[in-house]
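Visitor: I have a structure here that I would like to go through with you. Could you guide me, please?

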Amino acid sequence: MSLLSLRDVRFAFPGWPPTVDGADLAVEEGAFHCLVGRSGCGKTTLLKIAAGLLAPDSGRVVFHGGPRDIGFVFQSPTLLEWLTAIDNVLLPVSLHHRPTGEERARALQLLQQLGLGEQARKQPRQLSGGQQSRVALARALILQPKLLLLDEPFAALDAITREELQRDLLAMCRRQRTTVLFVTHDIAEAVYLADHVDVVESGRIAQEIPIALPDRSAATRYGPAFAGLCAQVRAALHLEALA
Ligand SMILES: Nc1ncnc2c1ncn2[C@@H]1O[C@H](COP(=O)(O)OP(=O)(O)OP(=O)(O)O)[C@@H](O)[C@H]1O
Ligand SMILES: [Mg+2]
């Protein structure tokens with residue numbers, strides 16, 4: 001049974017041509033899907049439909065869970081400036097009740113797992129961009145969502161921080177058994193993270209490429225199988241000519 005499925009989903013912003021135009025997607029429990037595609041092809045809109053933030057004009061979206069079972073990480077960290085890192089992480093809890101000691105301990109544990117144990121009492125402006133992204137990730141994970149949706153969360157980061165965060169994200173999702181839908185422009189990032197890469201074109205999933213890699217070690221990341229899969233995704237995106 002799929003945790004999330006989209007069937008022939010269509011959506012148009014009023015007065016504009018369709019942005020999502022017959023999208024089909026099935027995300028199994030525990031899977032990690034990456035959506036890749038050109039700017040403007042409808043990735044963010046698809047993610048918002050999956051999150052229930054936008055209602056499709058037609059088609060079916062089925063998610064086996066409630067609103068609190070979904071975590072969303074936006075492209076920019078969108079932290080609240082007047083709250084400390086740990087209180088930002090606890091925000092989804094604070095919206096319902098005053099966080100308990102246990103919940104605070106869990107928020108701190110998440111920050112520690114993301115290498116921010118020492119920074120918990122800092123405010124966002126006292127954190128680097130990569131650290132802010134980690135806080136946003138911890139905030140999305142605090143309610144232990146079944147489904148985590150991420151919209152180019154690492155796009156603004158340097159290559160080193162990005163690799164670290166990719167590794168941390170995979171570890172956290174494995175630990176919590178989180179199902180993930182991750183939007184990126186970056187083909188290598190998609191192949192590294194995903195077990196399925198979904199190529200989005202004109203508001204639909206044009207192709208789904210299964211990623212079968214033995215592990216995510218540095219040797220694999222720079223090995224021939226990885227390069228072959230990147231080439232396959234490039235071809236699906238019609239980028240062969242630019243190779
Ligand atoms: N509020 C809106 N009203 C009208 N058109 C919109 C609106 N929001 C987005 N669009 C259009 O819908 C299309 C898809 O937008 P979307 O944000 O989903 O693209 P994307 O694939 O996420 O692009 P990017 O990679 O640049 O983030 C674009 O052509 C965009 O101009
Ligand atoms: Mg987008």
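Visitor: Which strands form the six-strand open sheet, and in what order?

Guide: In this predicted model, the order of that open sheet is β5-β6-β7-β3-β8-β9, and its pairing is mixed.

Visitor: Which strands stand at the edges?

Guide: The edge positions belong to β5 (70-73) and β9 (204-210). Each has a single partner strand, so one side of each is left without a neighbour in the sheet. From one strand to the next, the twist averages 20 degrees.

Visitor: In what sense do β3 and β8 pair?

Guide: Strand β3 (residues 32-36) pairs with strand β8 (residues 196-201) in the parallel sense, over four bridges. Within β8, H196 is the residue opposite H33.

Visitor: Which strands does α5 touch?

Guide: Helix α5 packs on this sheet and touches β5 and β6 (147-151). The direction of α5 makes about 165 degrees with that of β5.

Visitor: How do α5 and α6 cross?

Guide: The axes of helix α5 (residues 129-141) and helix α6 (residues 159-176) cross at roughly 15 degrees and come within 11 Å. Angles under 35 degrees count as roughly parallel, so α5 is roughly parallel to α6. Their crossing is right-handed.

Visitor: Which residues meet there?

Guide: On the α5 side they are G130, S133, R134, L137 and L141, which meet T161, L165, L169, M172 and Q176 in α6. The residues of this contact divide into five nonpolar, four polar and one charged.

Visitor: Changing topic: what is the order of the open sheet of three strands?

Guide: That sheet has the order β2-β1-β4, and its pairing is antiparallel. At its edges stand β2 (20-28) and β4, each with a single partner strand, so one side of each lacks a neighbour in the sheet. The twist here averages 10 degrees from one strand to the next.

Visitor: Over how many bridges do β1 and β4 pair?

Guide: Strand β1 (residues 2-11) and β4 pair over five bridges, in the antiparallel sense. S5 has V62 in β4 as its bridge partner, and R7 stands opposite R60 in β4.

Visitor: How many residues of β4 are buried?

Guide: Strand β4 (residues 58-63) has six residues and the number buried is zero, so the strand lies largely in the open.

Visitor: Which helix lies across β1, β2 and β4?

Guide: Helix α1 (residues 43-51) lies across those strands, running at about 125 degrees to β1.

Conventions: Residues are numbered from 1 along each chain as its sequence is written. Chains are lettered from A and ligands numbered from 1 in the order in which they are written. This is a predicted model: local features need pLDDT of at least 70, side-chain atom pairs count only at pLDDT 80 or more; totals for chains, interfaces and linings use all residues. A residue is buried if 20 or more other C-beta atoms lie within 10 Å of its own, exposed if 12 or fewer, and partly exposed in between; C-beta atoms are placed from the backbone. Helices (H or I, at least four residues) and strands (E, at least two) are DSSP runs, numbered from the N terminus. Two strands pair if DSSP finds at least two bridges between them. Axes are lines fitted to C-alpha atoms, for helices over the stretch in contact, and angles run from 0 to 180 degrees between N-to-C directions. Two residues are in contact if their C-beta atoms, placed from the backbone, lie within 7 Å. Angles under 35 degrees count as roughly parallel, over 145 as roughly antiparallel, 65 to 115 as roughly perpendicular and the rest as oblique. A crossing is left-handed if the near helix is turned anticlockwise from the far one by less than a right angle, and right-handed if clockwise. Ala, Val, Leu, Ile, Met, Phe, Trp, Tyr, Cys and Pro count as nonpolar, Asp, Glu, Lys and Arg as charged, and the others, Gly among them, as polar.
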